[in-house]
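This report describes one protein chain, beginning with a single residue and its surroundings and then turning to the chain as a whole.

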Amino acid sequence: MKVSAGVLLFKKEKDSLYYFLIHPGGPFWKNKNLGAWSIPKGELLPDENPLERALIEFKEETGQSIEGEFIKLSPIKQKGGKTVYAWAVEADIDTSVLYSNTFSMEWPPNSGKITEIPEVDQWEWFPSEEALQRINTAQKDFITELENILKNNT
């Protein structure tokens, strides 16, 4: 069973919440938008600290380190069976300076041509309603849970 860990980055502007989401790179995701975005996350190795993995993945997929007061969210299970652990943290980052690590992939398939693909090809801040439309369906629960936590803490 695959397990991932990630960070749901959020910021408050006036009375609105904004969420930082990433769009996966590569040809499979090229023309996919609604439901294709995700929190920065990556696969957890056995016996690895999930929050540490989440922070490593955030740095790999954005080029930026993130710190703050992390709020542990309930894990979700995605359609493919992967369990995702997440922590929310309030912080702001400038999307114009972000960069992603890359991976090698044969493209086009069976061509023998290996190309370097960025793991992430877009980063954006979305207001809550739009984030809920763009994020992977299972990950919507992270946003809903965080908004309930924030509402109950005011």
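## A serine and its surroundings

In this predicted model, a polar contact of 3.2 Å links the side chain of Ser38 to the side chain of Gln139. Ser38 lies in the loop that runs between strand S2 (16-24) and strand S3 (41-43). When residues up to four places away in sequence are left aside, Ser38 touches Leu21, Ile22, Ile135 and Gln139.

The relative accessible area of Ser38 is 9%, and because buried means under 20%, Ser38 counts as buried.

## Secondary structure and overall form

The protein chain contains three helices and nine strands, and from the N terminus onward these elements follow the order β-β-β-α-β-β-β-β-β-β-α-α. With a radius of gyration of 16 Å, close to the 15 Å that the globule rule gives for 154 residues, the protein chain is as compact as a globular protein of that length. The C-alpha trace extends over about 55 × 35 × 30 Å along its principal axes.

## Contacts and burial

Of the contacts in the protein chain between residues at least 6 apart in sequence, 66% join residues that are at least 24 apart. Buried residues account for 41% of the 154 residues in the chain.

The protein chain exposes about 8800 Å², of which carbon and sulfur atoms supply 49%.

Notes. Residues numbered from 1 in each chain as written. Predicted model: local features only at pLDDT ≥ 70, side-chain atom pairs only at ≥ 80, totals over all residues. Heavy atoms only, no water. Helix = DSSP H or I, 4+ residues; strand = E, 2+ residues; numbered from the N terminus. Rg over C-alpha atoms; globule rule 2.2 N^0.38 Å. Buried < 20%, exposed > 50% of the residue type's maximum accessible area, 1.4 Å probe, protein only. Contact = heavy atoms within 4.5 Å. Areas by Shrake-Rupley, 256 points an atom, 1.4 Å probe, with all protein chains shown as cover. Polar contact = N/O pair within 3.5 Å; in protein donor to acceptor, adjacent residues only side chain to side chain.
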